[in-house]
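Work through the exercises below with the sequence and the model open. Try each task before reading its solution.

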Amino acid sequence: MRTKLIVGSLFAFTALSSSAALLDSVNIPQTPQQEAKIELGKMLWFDPRLSLSGKISCNSCHDLSTNGADTKPLSIGYAGRKGTVNSPTVFNAGKQIAQFWDGRAKNLSEQATGPITNPLEMAMTPELAEGVIRSIPGYRPYFEKAFGSQNPTFSEIAEALAAFESTLTTPNSPFERYVKGDKTALTQQQIDGLRLFRRSGCIMCHNGNLLGGTSFQKVGSVRPYITNNPSKGKMDITGKPWDEMMFKVPILLNIEKTAPYFHDGAIRTLPEAVGTMADIQLDANLSAKQVNDIVAFLHSLNGEVPKIEKPALPPSGPETRKYIEEVYLRFCVSRSSLF
């Protein structure tokens, strides 16, 4: 079994290394319409009026200034409620097999609708989100340019957000340069860590362009992962017992900068994450040096973070007040139900 694991990991790395465009940016057709969608999506990304409280935007839980993730174990959403799982980084998200830890969204457009309508996050309805955005006159020319209509739909809001998210890539990491032929891009310790990453079997799950995000695996395949978090992974979606604790394998790009770790956000440091994964997934008891070598390799996955400046948002229109009052009323009613 151990021999098969090593051979399989070497094969995975060989296939990985053969890609000349290992971690390159997503190829986005730069048509005027696509650029218009990206520009619109960037504005919507930062607009808290898409939330029931008027205080939470997409950027609240996927802060682009903190590597597209949240520094908290669980994000704080509508009415101070905590989410059920850790917010993963939005950087490079578009290349994954699916979205969310449990994979319930097939693509970025589907994913974008989730937080807006999740009662623990932005707590809106599609109709209310449409109404608020339609009531803001400054958005109309942007939707006209992006979609040929000044009457925004919820699906168009999601599509614009997805277009913007697809630009959030982090190319040109030291590891990417190393794979492309620059053998000076990694330190000797990082090379040692890469070899151990391969030999120990980490690469069996953390493979592909993102070193993860390509499959679902059981957390605790060798021994159980002890957590108080109620999430059961894909089982929460399918109801099938064999999907219990099956989570999407997280990508490792920029992993050094996106603590805390795991679906429950319970692991605070990268060395602890490496040691825990080796134990419960690979039945490997790594030495301190081995852990440090793998961590050094993981540091080489830090790419160039996109520089995003917060855009000026269009002011509310005269009709926006009606929707804000409806939002406020629903906010007060829901808030009172908490006590």
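**Exercise 1. Find what share of the residues in the protein is buried, then survey the fold.**

Solution. 
- Buried residues make up 50% of the 339 residues. Buried means under 20% relative accessible area, exposed over 50%, and partly exposed in between (1.4 Å probe, protein chains only).
- The model is predicted: local features need pLDDT of at least 70, side-chain atom pairs count only at pLDDT 80 or more, and totals for chains, interfaces and linings use all residues. Residues are numbered from 1 along each chain as its sequence is written, and side-chain values use heavy atoms, with hydrogens and water left out.
- The secondary structure comes to 13 helices and two strands. These are DSSP runs numbered from the N terminus: helices are H or I with at least four residues, strands E with at least two.
- Now take contacts (heavy atoms within 4.5 Å). Among those between residues at least 6 apart in sequence, 72% join residues at least 24 apart.

**Exercise 2. Compare the reach of helix α7 with its expected span, and say what covers α7.**

Solution. 
- α7 runs over residues 154–165, twelve residues.
- From first C-alpha to last, α7 reaches 17 Å, close to the 16 Å expected. The expected span is 1.5 Å times one less than the number of residues.
- Ten of the twelve residues in α7 are buried. Among them are F154, I157, L161 and F164, along with the acidic E156 and E165.
- The cover over these buried residues includes α2 (32–45), α3 (58–61), α4 (108–117), α5 (126–134) and α6 (140–147).

**Exercise 3. Describe how α2 and α6 cross.**

Solution. 
- Two packed helices are described by the angle and the distance between their axes.
- The axes of α2 and α6 come within 7 Å and cross at roughly 145°. Axes are lines fitted to C-alpha atoms, for helices over the stretch in contact, and angles run from 0 to 180 degrees between N-to-C directions.
- From α2, Q33, A36, K37, E39, L40, M43 and L44 take part; from α6, Y142, F143, K145, A146 and F147 meet them.
- The residues of this contact divide into eight nonpolar, one polar and three charged. Here Ala, Val, Leu, Ile, Met, Phe, Trp, Tyr, Cys and Pro count as nonpolar, Asp, Glu, Lys and Arg as charged, and the others, Gly among them, as polar.

**Exercise 4. Is A79 buried or exposed?**

Solution. 
- A79 is found in the loop between α3 and α4.
- Its relative accessibility is 13%, so A79 counts as buried.
- The C-alpha atoms of A79 and S53 are separated by 7.6 Å, though the two residues are 26 apart along the chain.
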